[in-house]
Amino acid sequence: MSDAIVIGAGIIGASCAHALALAGLSVRVVDAGLPAATAAGMGHLVSLDGNAAELALCSDSLTRWRALAPSLPASGAYHRCGTLWLAENEDDLATADDKRAALAMAGIGSELINPTRLAALEPLLRPGLSGALRVESDAILYAPRVADWLLESVGITLERAQVAALEDQKVYLADGRRLGAQVIVLAAGLQAGALLEGLPIAAKKGHLLITDRYPGRISHQLVELGYGASAHSGQGTSVAFNLQARPTGQLLIGSTRQFDTLDPCVEPALLARMLERARGYLPALGELNAIRAWTGFRAATPDGLPIIGRHPEREGLWLALGHEGLGVTTAPSTAALIRAEVLGEHPPLDPLPYRFERFQASAPAAAEGRR
Amino acid sequence: MIRLILDGEALVLPEGTSVAAALAASGDDHARSDLAGRPRAPFCGMGICQECRVCIDGRRRLACVTLIREGMKVERTR
C-alpha cells in the first residue's frame, strides 16, 4: 500500500507525484496511457496575466522551473528562449505596456522592443510590426519526456492501468484490483470527468503543426499579443499566432481553439486559417515544409483557472486539473500547492483562487433548482 | 531524357521519374539523415511518411511526390 495514489501521469500528475515523493511519501501513479494534453501540447513556459491569480501561479511556477532546469535531462529540451509578444499596432503596444507593468508587479522582468530592434532579433518577421514585449525568462521544454523523468524519482511506482471508479481513499482499476491510500490526487485532466461527477471542465480542441528542421531561423517563442486577451477569449472557434523553434530547428506552430467537439480529426479549413495567420507574421513560413499536424484537447474550467486543492466533500481526495493550455507552465506550483496542503505546510502562494469551492460558492440556489 | 544534379553529380534519367526513383538510381537511395546522423530513405512512396525530405532547388520537398525536371538540383538533407 502506498501513502498516495496519483491518477494521471501527464505533466501535472507527474509533478504532484514528484513533489509528494520528495516529501517522503510512497507514491503510486496510475495512468491509462490515453492521449492527453501533455503529449499533444506545445510545452511552453510562459507568463500569462489574464488575471492576478493566473499571473501569480505562472510567476511562482516559472521560478520553480528555473530551479529545476539544471537537473533536467537533455532530452527534456528545456531552453530559455524568451517570448516576444508581437504588437501589430498602437493598441497592441499599449497592451504590451500594460502587460509589462503587470509582469513587473509579479517580479517578472520584460522590456518593450521597438520595430528596428525587433527586426534585428527576428529578421523573418514581416516588416511593419509596431514592436514587441520581450519576456526573457520564458522558456520551452519537451513535456512528455520531462513528465517521464519526474516519475523516475525514488519513491514512485508507475502503473499502466485504467481507473474504473473512485471512492473515498480507494481506487478501483478496470482489471478488478482495488488500491487504497490516505491521499488520492486526481490529475487526469479531461478523463477526470468520468471518475468524478460535477467537475466543471470542458474540452477545448487545439491544432498544432510542425515543420521540417530549419535551424537558426527563429530564436524566440513568438506570440501575438491578442493570444491571451482577445483572440481566444470568446466562445467561438478562434485562431491565434503562436510559434516556437524546437531545439531540432523544427518550428512548432499554433494555435486554434474550438468548443463543443471531441472529434480529434485535423480540420484542414481551420488549420489553413491558423497557418494563414502565422504567415501574416512570418511570410517565410510559406516556403517551408510541414511534416505533421495534429490535435489535442485542453481541459478548461469556466474561469480559465485550474482546480487545485482538497475536494471539499470527498475524504482524502485532492484535485489538480483543468489547467487548459497552461499546465506545463504551472505544473510545479500546482504540485507545490498540493504538497503543502497534503502535508499541512504553509502554502507557497494563496491557494484560494484555485480551489474547487469557487464553483460551489454561488451554487446552493442553482443546486436547489436542479433537485 | 532529363538531366538533374544530385549532390553535385549529374544524373540522366527518363522523363516521368520521381526524385525518389532518381535517388535509388544513383546507387544510394538515402534521402536525409536523422538527428543522430543515421540515414533515412523513402518509405511510403506516397507523400505521407515524410522520410524522403530532400532539398530541391533550394526548398525542402518530398522526393517521392516530385518528378525530376531538366536542370533540377537535388541535395540530400542532413
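Author: A polar contact is a pair of N or O atoms within 3.5 Å, where within protein one must be able to donate a hydrogen and the other to accept it. The structure discussed here is a predicted model.

Reader: With that in mind, which side chain does A:R134 join in a polar contact?

Author: The side chain of A:R134 is joined to that of A:H220, at 3.3 Å.

Reader: Where does A:R134 lie in chain A?

Author: A:R134 belongs to strand 6 of chain A, which covers residues 131–135.

Reader: And is A:R134 buried or exposed?

Author: A:R134 has a relative accessible area of 15%, and because buried means under 20%, the residue counts as buried.

Reader: What does A:R134 touch, not counting residues up to four places away in sequence?

Author: With those neighbours left out, A:R134 touches A:T83, A:L84, A:G109, A:S110, A:E111, A:I113, A:R117, A:L121 and A:H220. A:H220 is also the partner in the polar contact.

Reader: Let us turn to the helices. At what angle do helix 1 and helix 6 of chain A pack?

Author: Helix 1 (residues 11–22) and helix 6 (residues 143–151) of chain A pack at about 25°, and their axes are 8 Å apart. Angles under 35 degrees count as roughly parallel, so helix 1 of chain A is roughly parallel to helix 6 of chain A.

Reader: Which residues make the contact?

Author: Helix 1 of chain A contributes A:I11, A:A14, A:S15, A:A17 and A:H18, while helix 6 of chain A contributes A:A143, A:V146, A:A147, A:L150 and A:L151. By class, the residues of this contact are 8 nonpolar, 2 polar and no charged. The crossing of helix 1 of chain A past helix 6 of chain A is left-handed.

Reader: How do helix 1 and helix 9 of chain A pack?

Author: The angle between helix 1 and helix 9 (residues 327–343) of chain A is about 40°, with axes 8 Å apart. Helix 1 and helix 9 of chain A are therefore oblique to each other. Their crossing is right-handed.

Reader: Which residues of helix 1 of chain A meet helix 9 of chain A?

Author: They are A:I11, A:I12, A:S15, A:C16, A:A19, A:L20 and A:L22. Their counterparts in helix 9 of chain A include A:V328, A:A331, A:I338 and A:R339. The contact has 13 nonpolar, 3 polar and 1 charged residues.

Reader: Finally, where does A:A74 lie?

Author: A:A74 is in the loop between helix 3 (52–68) and strand 4 (83–87) of chain A. A:A74 is exposed, with a relative accessible area of 76%.

Conventions: Residues numbered from 1 in each chain as written. Chains lettered and ligands numbered in written order. Predicted model: local features only at pLDDT ≥ 70, side-chain atom pairs only at ≥ 80, totals over all residues. Heavy atoms only, no water. Helix = DSSP H or I, 4+ residues; strand = E, 2+ residues; numbered from the N terminus. Buried < 20%, exposed > 50% of the residue type's maximum accessible area, 1.4 Å probe, protein only. Contact = heavy atoms within 4.5 Å. Axes fitted to C-alpha atoms, helices over the stretch in contact; angles between N-to-C directions. Parallel < 35°, antiparallel > 145°, perpendicular 65-115°, else oblique. Left-handed = near helix turned anticlockwise from the far one by under 90°. Nonpolar A, V, L, I, M, F, W, Y, C, P; charged D, E, K, R; others polar.
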